[in-house]
Amino acid sequence: MKKKRDATILAHNYQLPEVQDIADIVGDSLELARAAANLESEVIVFCGVDFMAETAAVLSPEKTVILPVADAQCPMAEMITAGEVKVLRERFPEAAVVAYVNTSAEVKAESDICCTSANAVAVVESLDEQEIIFLPDRNLAAYVARFTKKQILPWEGFCYVHDRITSDDLKTARSFHPDAEVLVHPECRSEVIDLADHVFSTSGMVRHACKSRSKEFIIGTEVGLLHQLEKKCPGKIFYPLSETAVCINMKKTELSDVLDSLKSLKPRIVVSNEVAIKAKKAIERMLDIT
Ligand code: 13P
Ligand code: SF4
């Protein structure tokens with residue numbers, strides 16, 4: 001069906017192992033956005049959550065972009081609306097608006113530039129403005145604030161999967177595996193980041209683990225990443241920082257959904273022209289600087 005439809009299957013690092021294994025490209029949000037912008041195939045099947053497929057549709061409006069499970073949504077992306085961004089702009093007219101890609105296309109359309117967990121600091125540093133409205137993730141905002149002199153004005157959104165990982169979870173994991181390096185995602189709380197050895201995007205963790213001399217790693221992100229880590233870094237051992245770090249929405253897509261969506265070319269993600277033109281500017285501005 002994939003050949004018949006001239007489709008490319010993209011999968012995020014948190015997808016079920018069997019879905020990752022049939023994908024053409026597996027990666028983090030930045031890698032998948034880049035891939036979506038440069039694909040030749042007519043159809044993109046996006047195994048991930050809604051904002052990722054929307055980003056692909058904005059970047060490639062001529063392509064058919066499919067999200068196999070329509071209600072695979074990121075709750076953090078629902079935590080801010082375009083109307084709220086407009087109000088922030090009125091309150092802070094001198095500030096630039098940086099939108100994490102985990103936002104709706106409407107929110108991106110009201111923002112100056114997007115960022116992902118892999119490039120958030122570089123994006124903020126690339127801007128002339130000294131005041132930065134950073135939305136929606138308060139934890140990523142606090143992480144960025146560590147590396148810039150600019151004033152970061154955070155929105156109070158969060159990822160429930162990362163926000164519930166505690167410093168006690170980290171201490172317990174370290175006590176069981178004292179030789180392991182601790183890698184965490186910047187969506188984690190500051191107190192967890194303080195205790196970690198390194199902070200990376202999901203694919204950043206894979207790259208680091210493969211080249212590090214360490215043999216064991218404690219992984220502070222969604223458990224789906226362990227499949228990619230084990231595949232890409234054979235011989236190394238990975239422990240989840242928290243067994244309960246599971247993103248329910250990332251686990252909704254099953255192999256049968258991928259097949260059904262290839263057969264029916266549904267559910268299709270379409271973004272209105274008006275929103276897509278503005279959102280594309282913010283996404284492309286990000287892709288241009290990193
Ligand atoms: P990455 O861009 O690091 O893959 O993160 C995406 C995400 O949704 C994290 O929760
Ligand atoms: Fe959204 Fe968190 Fe799931 Fe990532 S892990 S898709 S931020 S809910």
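Mentor: We will go through domains, sheets, helices, ligands and the backbone in turn. This is a predicted model, so local features need pLDDT of at least 70 and side-chain atom pairs count only at pLDDT 80 or more, while totals for chains, interfaces and linings use all residues. Residues are numbered from 1 along each chain as its sequence is written, and chains are lettered from A and ligands numbered from 1 in the order in which they are written.

Trainee: Which domains does the domain assignment of the chain give?

Mentor: Domain bounds come from an automatic or database domain assignment. Here that assignment gives domain 1 as 7-71 + 251-271, domain 2 as 76-158 and domain 3 as 165-244.

Trainee: How many residues of domain 2 are in contact with domain 3?

Mentor: Two residues are in contact if their C-beta atoms, placed from the backbone, lie within 7 Å. In this model, 9 residues of domain 2 meet 10 residues of domain 3. Helix α7 (residues 138-145) supplies the largest share of the domain 2 side, 4 residues. For classes, Ala, Val, Leu, Ile, Met, Phe, Trp, Tyr, Cys and Pro count as nonpolar, Asp, Glu, Lys and Arg as charged, and the others, Gly among them, as polar. On that basis the domain 2 side has 5 nonpolar, 3 polar and 1 charged residues. The C-alpha centres of domain 2 and domain 3 lie 26 Å apart.

Trainee: Now the sheets, please. In what order do the strands β1, β2, β3 and β4 come?

Mentor: Helices (H or I, at least four residues) and strands (E, at least two) are DSSP runs, numbered from the N terminus. Two strands pair if DSSP finds at least two bridges between them. These 4 strands make an open sheet in the order β2-β1-β3-β4, with parallel pairing. At its edges are β2 (25-27) and β4 (64-66), each pairing on one side only. Strand β1 (residues 7-12) is joined to β2 by 3 bridges, and His12 stands opposite Gly27 in β2.

Trainee: Which helices lie across these strands?

Mentor: For directions, axes are lines fitted to C-alpha atoms, for helices over the stretch in contact, and angles run from 0 to 180 degrees between N-to-C directions. Helix α2 (residues 29-38) lies across β1, β2 and β3 (43-47), at about 145° to β2. Helix α13 (residues 255-264) lies across β1, β3 and β4, at about 155° to β3.

Trainee: What is the strand order in the open sheet that contains β5?

Mentor: That sheet of 4 strands is ordered β6-β5-β7-β8, and its pairing is parallel. Its edge strands are β6 (113-115) and β8 (151-154). The twist from one strand to the next averages 30°. Between β5 (residues 96-100) and β7 (residues 131-135) there are 4 bridges, and Ala96 has Ile132 as its bridge partner in β7. Helix α7 packs on this sheet, touching β5, β7 and β8, with its direction at about 175° to that of β8. Helix α14 also packs there, touching β5 and β6, and makes about 60° with β6.

Trainee: How do the axes of α3 and α14 cross?

Mentor: Angles under 35 degrees count as roughly parallel, over 145 as roughly antiparallel, 65 to 115 as roughly perpendicular and the rest as oblique. The axes of α3 (residues 50-59) and α14 (residues 273-289) come within 9 Å and cross at roughly 100°, so the two helices are roughly perpendicular to each other. Thr55, Val58 and Leu59 of α3 meet Ala276, Ala279, Lys280 and Ile283 of α14.

Trainee: Which residue classes make up the shells around ligand 1 and ligand 2?

Mentor: A residue is near a molecule or strand if its C-beta atom, placed from the backbone, lies within 6 Å of it. The shell of ligand 1 has 1 nonpolar, 7 polar and 2 charged residues; among them are Asn13, Asp28, Ser29 and Glu187. Around ligand 2 there are 8 nonpolar, 2 polar and 1 charged residues, including Val49, Cys74, Met76 and Glu222.

Trainee: Finally, which peptide bonds are cis?

Mentor: Most residues other than glycine have a negative phi, and most peptide bonds are trans. In this model, the bond from Leu135 to Pro136 is cis, with omega near -5°, and Pro136 sits in the loop between β7 and α7. The bond from Lys266 to Pro267 is also cis, with omega near -10°; Pro267 lies in the loop between α13 and α14. As for phi, Asp6 has a positive value near 50°, and Asp6 is found in the segment before β1.
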